[in-house]
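Biologist: I have a new model on screen. Please walk me through its features, one at a time.

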Amino acid sequence: MQELQVDNHRCTLCGKCISACFYDALEMDDRKLLSHDTCTLCGMCIDICPEAALAISKIKMNDMNKAEWNGILVYVEHDQGEIHPITYELIGKALELAKVVCYKVYCLFIGYRIAEKAKILMHYEVEQVFMYDHASFKYYKEDIYTNAFEDCIKNHLKPSIVLIGGTEIGKSLAPSIATRFHTGLTADCTELKIRENSDLVQIRPAFGGNIMAQIITENHRPQFAAVRYKVMSEAEPQLQLRDNLLQCSIEDEKLKSKIEILGVNDLAKTESISDAKILVVVGQGFQRKEDLSLAQELADLLNGKVASSRTLVEKGWMPYEKQIGLSGKTVKPEIIITCGVSGSIQFISGMKGSKNIIAINTDINSPIFKIAHQPICGDLYEILPRLIKKIKSGSGKD
């Protein structure tokens, strides 16, 4: 672990480092320069100091009493109060992990006018929902959201584990709050396990998906993990309601953001392949770009979406947002039909949770057939037209 060290014998209290710090992590107190937990160790103050009075040094960690950190905290991802489905996936996984070490599960909900939406969480096996409801949180601002997150951990709960969705907001918030506690963060997790000593085994792809790394934060708490969407099973809501909402607040000073919202434009919402119930996936078995119309026609007939393997994205035939795999989207549809997809490790890792896998490929030894519920060995140029014809006619006969 590292920290910012100040040589107060060299420091002249010129204040240049304080002015340069974007995170307000430095201040003068009793004729000394002090560093706060908000320091991100960016080094800007070191570069500007004329006396070389600042340095980043390694510090020796004392043995941590892991028993002081207890429970699992789930961050509630939302868009203007509408809870993102990944939240329920994280709750489901948290409940599973909690059983191993007899932990309780908690939620953190930060936003504006979220009280009614927070009541949805009362249907889940969550011990407490810490709710920060304030006008300053109407739009996501990394600095003050981090302040609220930090307040929850310091003043309400000392969680051993913190789970955050691997969304755009999650990827911004997770490193910010992990830095506040000078602890580890594993991003893009696809699986989580826990040891009896409460160490979280965070599993994620590495080296382009060729291996699955197991990462452990042994000497620090909390343990932060950002988890991919659609890789966990959602928690089941309960009929019985829990009276578990707790309104929290922080000092006015911590509600002042350095981020100014100049305007908000609502983007047209389009269904992601991660949310589709039926997917038709195109792979390298397609010989020409125009032939992809076969897959599109089949998807339209099934009210589904077209997705792609990495190969066709790299060719420029399909857009990146349609890519399935460790370097693309993770999907878990009701039905997935792969057409000319061999099934690399990276691809299979991104769709193996699909409920019904139908695979079309000419190679009977292709990896995709090992996980397919309905393997079809044959040429997609023969099978797809026949399948489309049968669906159109509404008959099971050729």
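Biologist: How many cavities of 30 Å³ or more does the structure hold?
Modeller: Keep in mind that this is a predicted model. It holds one cavity of 30 Å³ or more. The space in the largest cavity is about 110 Å³.

Biologist: Which residues are the closest to the centre of the largest cavity?
Modeller: Cys11, Cys14, Cys17, Leu33 and Cys49, out of 15 lining residues. Helix H1 (residues 16-20) gives the largest share of the lining, three residues. By type, the lining has 11 nonpolar, two polar and two charged residues.

Biologist: Now the strands. How do I read their pairing?
Modeller: Strands of a sheet pair through backbone hydrogen bonds, either parallel or antiparallel. Strand S2 (residues 26-29) and strand S3 (residues 32-35) are an antiparallel case, with four bridges. Within it, Glu27 has Leu34 in S3 as its bridge partner.

Biologist: How many residues lie between S2 and S3 in the hairpin?
Modeller: Two residues. In that turn, Asp30 has a positive phi of about 55 degrees.

Biologist: And the open sheet: what is the order of its seven strands?
Modeller: Read it as S11-S15-S10-S5-S8-S9-S16, with parallel pairing. Strand S11 (185-189) and strand S16 (245-248) are the edges, each pairing on one side only. From one strand to the next, the twist averages 20 degrees.

Biologist: Take one pair as an example. Over how many bridges do strand S5 and strand S8 pair?
Modeller: Four, in the parallel sense, between S5 (residues 72-75) and S8 (residues 105-111). Ile72 stands opposite Val105 in S8.

Biologist: Which strands does helix H6 touch?
Modeller: Helix H6 (residues 168-180) packs on the sheet and touches S5, S10, S11 and S15. Its direction makes about 155 degrees with that of S10. Helix H5 (residues 142-155) lies across S5, S8, strand S9 (128-133), strand S10 (161-165) and strand S15 (223-227). H5 runs at about 150 degrees to S8.

Biologist: Last topic, the aromatic rings. How is a pair described?
Modeller: By the distance of the ring centres and the angle of the planes. A search of the whole structure finds six aromatic pairs. One of them is Tyr88 with Tyr124, at 5.2 Å centre to centre and 20 degrees between the planes. Planes under 30 degrees apart count as stacked, so this pair is stacked.

Biologist: Where in the chain do Tyr88 and Tyr124 sit?
Modeller: Tyr88 is in helix H3 (residues 86-101). Tyr124 is in the loop between helix H4 (115-118) and S9. The two are 36 residues apart, and the pair links distant parts of the chain.

Methods. Residues numbered from 1 in each chain as written. Predicted model: local features only at pLDDT ≥ 70, side-chain atom pairs only at ≥ 80, totals over all residues. Heavy atoms only, no water. 1 Å grid on protein atoms, 1.4 Å probe; cavity = no way out; pocket = protein on both sides within 12 Å on 5 of 7 lines; lining within 4 Å. Points joined across faces, edges and corners; volume = space filled by probe spheres on them. Nonpolar A, V, L, I, M, F, W, Y, C, P; charged D, E, K, R; others polar. Pairing = 2+ DSSP bridges. Axes fitted to C-alpha atoms, helices over the stretch in contact; angles between N-to-C directions. Contact = heavy atoms within 4.5 Å. Phe/Tyr/Trp six-rings, centres within 6.5 Å; stacked < 30°, edge-to-face > 60°.
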